[in-house]
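Dear colleague,

Please find the structure below, handed over for your work. My notes on it follow.

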Amino acid sequence: MTSAPGDDRVCGEPRATVCRWWGDRRGALSFTFDDGYQGAIERAVRPLEAAGWRCTYAVPTGFVGRDLLPDPPCAAEPAASWDDLSRLAAAGHEVCSHSVSHPELPTLDDDALRRELVDSQRALTERLGGPPGGTLVYPFGRFDERCSSLAAETYTCARGTRLRLCDPSVEELYRTDGALIQRGMTCKHLARWLEQCLEERAWLIEAYHAVVTEDHPLWTAGYTYCWSDRRVREHLGHVRALEADLWVATHEQVASYVRQRERSELRCTPLGADRFALSARLADERSGAAPLTVALEAPPGRTLELEDTPGAAARLLVDVAPGQPALRFRLR
Ligand SMILES: [Zn+2]
């Protein structure tokens with residue numbers, strides 16, 4: 001028997017359901033950092049890494065290692081170096097493209113647009129290794145149909161910066177929206193978004209830029225696209241308190257999960273008396289692709305148990321990952 005995405009499926013007597021988010025969490029959260037501010041690594045990425053989370057760090061590749069970032073045009077906050085980016089990638093963060101030179105993509109002709117998308121990805125792959133794909137973050141959050149179509153040729157997903165929660169279909173993975181974190185926003189704003197995210201079972205993408213101390217020149221000058229390290233730490237505390245309900249993952253991992261959830265096929269095969277095998281044809285078979293979480297439920301009065309994992313329960317969560325053999329389980 002084959003499943004359609006998100007449907008309950010009877011396989012023999014047990015039921016296999018594709019979970020909306022990994023780990024059967026109610027919502028998903030991605031921390032993303034745009035423009036490649038070196039200071040954001042120490043002040044925000046390290047603390048979230050210490051909490052066990054990974055982020056998406058988007059760089060205009062032409063600015064890596066330079067003193068001047070596209071915005072603000074000041075040397076108060078230097079750009080990350082290729083060594084910084086290598087360390088981030090080695091620690092499991094997604095280091096991804098924010099174009100080469102941070103132009104407004106819709107204003108470019110076809111050739112220039114292609115260079116911004118293709119050359120930035122090539123630089124990242126050559127410098128950091130890893131497979132092509134990943135997220136494209138549109139500079140200034142601006143894109144049109146032509147940009148998203150071209151992004152689909154080269155990237156796994158792409159993100160803008162309008163302020164709303166996301167619930168993309170597979171077709172919309174090149175038009176996801178990050179919530180722009182600005183100086184005028186407090187931790188309460190973000191806490192409210194987290195509540196909404198869980199209420200709506202949605203995906204919240206937080207888009208940070210500079211992260212500075214509250215005596216930093218960008219902060220005291222009232223620069224819009226920055227947040228303070230103190231607020232970041234307080235916000236991470238809120239996220240920590242919601243961790244049982246909230247899946248924190250990189251932009252690419254969540255996009256990959258959406259693809260798996262909507263396009264994979266599950267198959268449950270009876271193997272004999274009360275024994276079954278759960279296998280999947282996954283939509284995204286790349287080795288780093290997100291696993292799909294499936295809830296297995298026993299009929300009333302019975303339990304089920306994975307063959308090589310002791311512990312029977314009425315409901316079990318299992319991950320189906322690329323390249324993984326079929327999962328065998330039995331009814332008790
Ligand atoms: Zn930017």
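His102 lies in the loop between strand 5 and helix 3, where helices (H or I, at least four residues) and strands (E, at least two) are DSSP runs, numbered from the N terminus. The model is a predicted one: local features need pLDDT of at least 70, side-chain atom pairs count only at pLDDT 80 or more, and totals for chains, interfaces and linings use all residues. Residues are numbered from 1 along each chain as its sequence is written.

Phi of His102 is near 60°, a positive value in a residue other than glycine. His102 is buried, with 22 other C-beta atoms within 10 Å; the term buried requires 20 or more such atoms within 10 Å of the residue's own C-beta, placed from the backbone. Ser99 is found in the loop between strand 5 (94-97) and helix 3 (110-128). For Ser99, phi is near 80°, again positive in a non-glycine residue, and Ser99 counts as buried with 27 C-beta neighbours inside 10 Å.

An open sheet is formed by four strands in the order 14-15-19-17, with antiparallel pairing; two strands pair if DSSP finds at least two bridges between them. Strand 14 (265-272) and strand 17 (304-306) stand at the edges with a single partner strand each, so one side of each has no neighbour in the sheet. Strand 17 pairs with strand 19 (residues 327-331) over three bridges in the antiparallel sense. Glu305 stands opposite Arg330 in strand 19.

The chain is divided into domain 1 (8-21 + 264-331) and domain 2 (26-243), with bounds from an automatic or database domain assignment. Their C-alpha centres lie 35 Å apart.

Kind regards

Definitions and conventions. A residue is buried if 20 or more other C-beta atoms lie within 10 Å of its own, exposed if 12 or fewer, and partly exposed in between; C-beta atoms are placed from the backbone.
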